[in-house]
Amino acid sequence: MKAQIVLIVAVILLLSGSIFNSSASETRVFSMGQTGVFMDDNSNIPLFPGTLMRYGNEIVTELRLKDDESSFSAEVRFPVNSYILGLNFNRPVFLFDPGVGINISLENTSDLYFGTKLGGNDLGIRLSYGRDGFNRDSTLGIPKLEESARYLEIAGGYSTDKYDASLSIELPSVNSELGGDKDEYSGTGFNLNGRYYYQYDTKMELVPVVKLGYGSASRKTDLGGGLPQAETDYSSQMLNLGIGLNYQISENSLLIVAIDPFGYSKLKTDVKDGGETITTITTIPRLYLGAETIISSWLIGRIGANRAYQKVTDKFKPAQGDEVETSFQTSSYNVSFGLGLKFGRFLIDLDVNDGVFFEGPNIISGRFRDFSNRVSISYLFSNNERSEK
């Protein structure tokens, strides 16, 4: 009931607010079938840092999961002379967990952005850093424990009116030392991303997208008791091809239809003298659908769908003996709905819980169901030429 009251109050406030055309958020592209990479949107800035120059003068907060503030983000971008500076206080990252340490994790990073003009186009640089640590002094019968985790990423992007391209290098490391026994993990990852804008006619734009990734890492573990050190090598590969169609139905309505005809990821774990495990995920294909329309001067409606056909294969090659392989297929499907609420220079994006359409608010159904799954709040504190297109 509280969620419905808050929404009603917000709508009343919106009716008296001035209107502006703001750029959007993760919530917007998620409610439009996760079509973000196929549209020019500020949620693409981490992937394509060169687009930073298009979205200055903004504060954007991402409330990704209810009551989980560790997953929330707050980002600000502002001009300094001819440059754009940006800072994201807390952005989630998704990294391979080698199992080193029991009190630490690498799940979040902070981003520092710098953007400038280069050759008449846009250059953007992102520096990302995250860390965690835990220390415990030795006590009677319990040895000293020291654990630390660090994540560093350097990304550069170059953007024009025709394309966006980026390259990033990731450097994660995790260390744990219990007494004299060490468990150490470190790796390197490379990511290359690109997309091209082809204007077919005044209404239709084609956007092919390519994403490549490669990583390698190693783990060395002291087993104690005079046993030799255990060594494990990891490697990962990723390739994703996609193409999207942006169809401008009218000045106030947009339709996006996209497909990833092929996606492939592979993770290999090779234990010295213990065999190797290879997990591959093949996607053929993944489908996207998203639509957005301005319903009134203060209200935007959104709808989307996403379908992925995937095959997951696990292959184990023992040091001795026969290879064993298992596989299964999945076809995940999701339908999404969203709203954009404008008042003044604020934009509130909501990914609407579809259960609300079946049950209605608490006053009707007697059930307490969250109105939205995720929320983004943006504030445009000065004119933004690209955002007002």
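## A salt bridge across the sequence

R374 and E26 join their side chains in a salt bridge, with N and O 3.3 Å apart; a salt bridge here is a side-chain nitrogen of Lys or Arg within 4 Å of a carboxyl oxygen of Asp or Glu. Because R374 belongs to strand 17 (residues 372-380) and E26 to helix 2 (residues 26-31), this pair ties together parts that are 348 residues apart in sequence. Helices (H or I, at least four residues) and strands (E, at least two) are DSSP runs, numbered from the N terminus.

R374 is buried, at 14% relative accessible area, whereas E26 is partly exposed, at 24%. Buried denotes under 20% relative accessible area, exposed over 50%, and partly exposed the range in between, with a 1.4 Å probe and protein chains only.

## Basis of the model

The model is predicted: local features need pLDDT of at least 70, side-chain atom pairs count only at pLDDT 80 or more, and totals for chains, interfaces and linings use all residues. Residues are numbered from 1 along each chain as its sequence is written, and side-chain values use heavy atoms, leaving out hydrogens and water.

## Other salt bridges

Side chains of opposite charge can pair when their charged atoms come close. The structure contains 20 salt bridges. One of them joins R77 to E75, with an N to O distance of 2.4 Å. Both partners are buried: R77 has a relative accessible area of 1%, and E75 has 7%.

In another salt bridge, the closest N and O atoms of K317 and E276 are 3.7 Å apart. This pair links distant parts of the chain, with K317 in strand 14 (residues 299-317) and E276 in strand 13 (residues 275-296), 41 residues apart. K317 is partly exposed at 31%, while E276 is buried at 13%.

## A nonpolar surface patch

A nonpolar patch on the surface has about 970 Å² of accessible area in total, and its members include I59, F78, V80, Y83 and F381. Patches consist of residues with over 30% relative accessible area and no salt bridge; like charges are joined within 9 Å, and nonpolar side chains (Val, Leu, Ile, Met, Phe, Trp, Tyr) within 5 Å. Accessible areas come from the Shrake-Rupley method with a 1.4 Å probe, and for residues only the protein chains shown count as cover.

Strand 2 (73-80), strand 3 (83-92), strand 4 (108-118) and strand 5 (121-136) each provide at least two residues of the patch. Strand 3 gives the largest share, three residues. V80 lies in strand 2 and is partly exposed, with a relative accessible area of 33%.
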